[in-house]
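Subject: Structure for you, with notes

Hello,

Here is the structure I promised to send over. Please open it first, then read on.

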Amino acid sequence: MHRSPTAPSVPAPPAELRVHILGPLRVTVDGADVEVGPPQQQAVLCALLARAGRPVSARALVQAVWGADAPALAVGALRTHVSQLRRLLEPTRAPRSPARLLVSAASGYALMLEPETVDLAGFDRCLREAEACRRAGRPRHARLLLVDALALWRGEPLAGIPGPEADSRRTRLGERRLAAIEARWEVELESGELDAALTGLSRAVQEHPLRERLPELLMTALYRSGRQAEALDVYARIRRALSAELSVDPGPELARLQRRILVGRAPEAWRGEAWRGEAWQQAAGQREAGQREAWHPQAGQRAGTAPAGPVLPQVRPVLPAAPPQVLPPIRVQRLPPAVPDFVGREEAVTRLSEDIAVGRSVTIGAISGMSGVGKTALALQVAHRLRAHFPDGVFFVDLFGHSTRPVEPGLVLRRLLRALGEDDHRIPEDDTERAALYRSLLADRRLLIVLDNARDPARIRDLLPGGPGCAVLVTSRTRLFGLPGATSVDLRPLTAAQARSLLVRLIGEPRVRAEEQAAARLIHACGYLPLAVRVVGARLAARLGQPIARTTAELADEERRLADLSLGSQAVLTTFRLGIRLLDAEHGRAFQLLSLPDAAELTLAAAASLLDRTERDAENLCEALVDLSLLESPSPGRYRFHDLLRIFARQTAAEALPGTQRDAALARLS
């Protein structure tokens with residue numbers, strides 16, 4: 001009898017295990033402080049926390065802790081540190097019993113902690129609630145929540161811990177704290193609490209003299225208090241400090257504010273989204289959808305749920321490889337990281353990289369393919385490879401194209417223009433004028449723009465630059481016809497060898513080699529789809545004692561397979577549902593009926609019989625599904641489904657079509 005697999009559960013930590021990283025590293029068990037050990041041992045824990053819930057190879061941990069100065073016996077030292085950490089994290093574990101928190105996985109280790117175990121989760125929760133209050137027009141409540149969030153900090157994060165990983169995390173966490181401080185004083189101003197804002201901002205400017213957003217807020221508060229001369233004096237001081245320390249002038253936002261104060265036109269109040277966004281996104285550590293800060297990967301919105309308000313694009317400029325020589329610098333954050341277990345696709349990466357690097361006119365790379373096939377991963381791989389070719393940076397925009405509420409091009413243009421330094425009052429209301437301003441600003445720059453999850457060419461035309469130094473990478477489930485001069489890549493599932501390599505990355509070569517045939521059947525059941533392979537790989541990595549053959553047997557039940565291919569925010573079924581959400585009734589019916597026969601492929605005549613349409617109408621319907629990456633056409637007049645999409649289409653047919661209609665369609669075929 002088939003038994004439905006359960007989602008891998010994160011082992012429950014000791015009742016009161018807490019890890020504090022918003023200051024010097026501190027671990028408590030049942031309320032009592034635990035000695036974490038020497039600095040390198042703390043660095044090991046830091047590296048594992050940064051990837052909580054995911055396997056980390058011993059090689060990666062050595063690099064994170066020692067970097068290029070790793071001693072010859074680093075791996076042995078690592079094992080010793082892990083053994084000590086296991087004892088301190090689970091003091092009640094019986095001798096020789098398996099660890100539940102710090103487990104061995106995929107030639108390395110994985111730290112299985114619930115997000116709330118780490119104090120950063122409380123910081124994030126306060127920020128999310130503060131943002132919700134701010135959006136609901138309750139700035140005073142938002143201010144209190146931000147005060148609570150900042151009260152969790154106890155000093156420099158991860159103070160005194162050595163190694164590249166700790167250095168990187170310390171910088172990121174410090175940046176998030178500063179952004180939260182800025183957000184706190186933003187809502188203080190919105191609440192009208194000028195006296196409190198003046199006192200706090202004056203102190204904050206002294207503590208962070210080169211942070212331009214803080215003097216900008218202080219200047220506005222002073223101006224609104226009738227102290228114009230003092231506001232201008234703040235600008236003079238920050239200008240001198242930046243010149244002395246960094247040999248640069250104040251950025252465009254601060255310079256514009258100074259000019260407006262000089263002529264008596266500084267903003268009397270914050271105008272909605274003119275100030276909201278950057279500080280909040282930095283404080284919350286927002287990244288690519290589904291790729292939040294890895295201290296607690298399960299935090300945040302679940303896959304498949306709609307956001308509370310209108311969907312807004314997340315514009316993320318990349319830190320440029322080199323500063324522009326003449327033009328003013330762009331305010332930048334970071335490109336989402338490349339997928340660490342990226343495999344295969346060498347031909348596609350090379351083709352896109354070479355065409356984009358040529359630099360002719362505006363180069364466009366268009367990546368299409370079915371849900372879960374790895375379009376965004378490929379785009380990020382190419383973008384990271386090409387960063388050096390675009391010294392003015394890289395923008396990443398999620399267009400939410402297959403959501404029921406895709407982002408309007410005009411709103412994307414507004415966000416891009418702000419990121420390029422334009423003040424809100426200079427951004428035209430008309431979308432055509434916005435596009436013209438956008439192209440004029442990019443005319444002499446070299447930028448790469450990644451437009452992820454586009455719906456169709458019509459919705460991205462205004463987002464295409466006009467200058468010869470820019471390039472665009474677009475991903476979409478829909479084939480993007482009509483983009484001038486685009487290099488098109490229709491991404492297919494992995495080959496069997498590539499899918500095996502991905503599984504090896506996730507669970508290790510020895511485990512795959514020990515059950516080679518079961519592993520081959522497993523990746524075949526996944527349809528060689530990267531998303532599906534990652535789901536089963538992560539599940540096996542969390543269940544070290546479970547044979548691959550057992551997971552393969554569980555996936556043999558087609559009625560349960562799609563439901564089983566889900567883990568946390570990764571769910572094949574969810575992404576398939578998003579892929580058909582925008583189908584009209586006729587195309588939805590065709591998608592369902594074409595999946596009913598057991599034939600590997602369908603001829604055009606067979607499709608016409610199933611759909612009860614003429615061959616011409618049937619061909620139009622089938623080709624439309626092909627263009628939407630819901631159906632494949634291996635040769636003219638022949639059609640087939642990806643194995644997982646066929647299962648999904650049959651399930652939706654059973655839910656949406658009466659049995660008499662399904663039977664009649666099959667009868668027409670016989």
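Below are my notes, grouped by topic. Please keep in mind that this is a predicted model.

**Salt bridges**

How many salt bridges does a search of the whole structure find? The count is 33. In general, side chains of opposite charge can pair when their charged atoms come close. A few of the pairs are worth a look on screen.

Start with Glu188 and Arg143. Their closest N and O atoms are 3.3 Å apart, and the two form a salt bridge. Glu188 sits in helix α6, residues 164-190, while Arg143 sits in helix α5, residues 139-151. The pair therefore ties together parts that are 45 residues apart in sequence. Is Glu188 buried or exposed? Glu188 counts as buried because its relative accessibility is 1%, and the cut-off for buried is under 20%.

Next, go to helix α8, which covers residues 213-224. Glu216 and Arg213 meet there through their side chains, in a salt bridge of 3.0 Å from N to O. These two residues are three apart in helix α8, so about one helical turn separates them. Both Glu216 and Arg213 are buried.

Helix α21, residues 558-564, holds another pair, Asp564 and Arg560. Their salt bridge has its closest N and O atoms 3.3 Å apart. Here the spacing is four residues, so Asp564 and Arg560 are again separated by about one helical turn. How do the two partners compare in burial? Asp564 is buried, at 2% relative accessible area. Arg560 is partly exposed, at 30%.

There is also a network of salt bridges. Arg414, Glu429, Asp431 and Arg434 are linked in it.

**Helices α8 and α10**

Back to α8, this time with α10 as its partner. Two packed helices are described by the angle between their axes and the distance between the axes. For α8 and α10, the axes come within 10 Å. They cross at roughly 15 degrees. Angles under 35 degrees count as roughly parallel, so α8 and α10 are roughly parallel to each other. The crossing of α8 past α10 is left-handed.

**A nonpolar patch**

Which residues make the nonpolar surface patch of about 230 Å²? They are Leu210, Leu246 and Val248. Val248 belongs to the loop that runs between α9 (228-246) and α10 (252-262). Val248 is partly exposed, with 38% relative accessible area.

**A contact across the sequence**

Leu555 is in helix α20, residues 548-555. Leu555 counts as buried, because its relative accessibility is 2%. In sequence, Leu555 and Ala525 are 30 residues apart. In space, their C-alpha atoms are 6.6 Å apart.

**Positive phi angles**

Asn453 has a phi near 65 degrees, which is positive in a residue other than glycine. Asn453 lies in the loop between β10 (448-452) and β11 (471-476).

Asp612 has a phi near 60 degrees, also positive and also in a residue other than glycine. Where is Asp612 found? Look in the loop between α24 (604-611) and α25 (615-627). Asp612 is partly exposed, with a relative accessible area of 48%.

Best wishes

Methods:
Residues are numbered from 1 along each chain as its sequence is written. This is a predicted model: local features need pLDDT of at least 70, side-chain atom pairs count only at pLDDT 80 or more; totals for chains, interfaces and linings use all residues. Side-chain values use heavy atoms; hydrogens and water are left out. Patches are made of residues with over 30% relative accessible area and no salt bridge: like charges are joined within 9 Å, nonpolar side chains (Val, Leu, Ile, Met, Phe, Trp, Tyr) within 5 Å. Accessible areas come from the Shrake-Rupley method with a 1.4 Å probe; for residues, only the protein chains shown count as cover. A salt bridge is a side-chain nitrogen of Lys or Arg within 4 Å of a carboxyl oxygen of Asp or Glu. Buried means under 20% relative accessible area, exposed over 50%, partly exposed in between (1.4 Å probe, protein chains only). Axes are lines fitted to C-alpha atoms, for helices over the stretch in contact, and angles run from 0 to 180 degrees between N-to-C directions. Angles under 35 degrees count as roughly parallel, over 145 as roughly antiparallel, 65 to 115 as roughly perpendicular and the rest as oblique. A crossing is left-handed if the near helix is turned anticlockwise from the far one by less than a right angle, and right-handed if clockwise.
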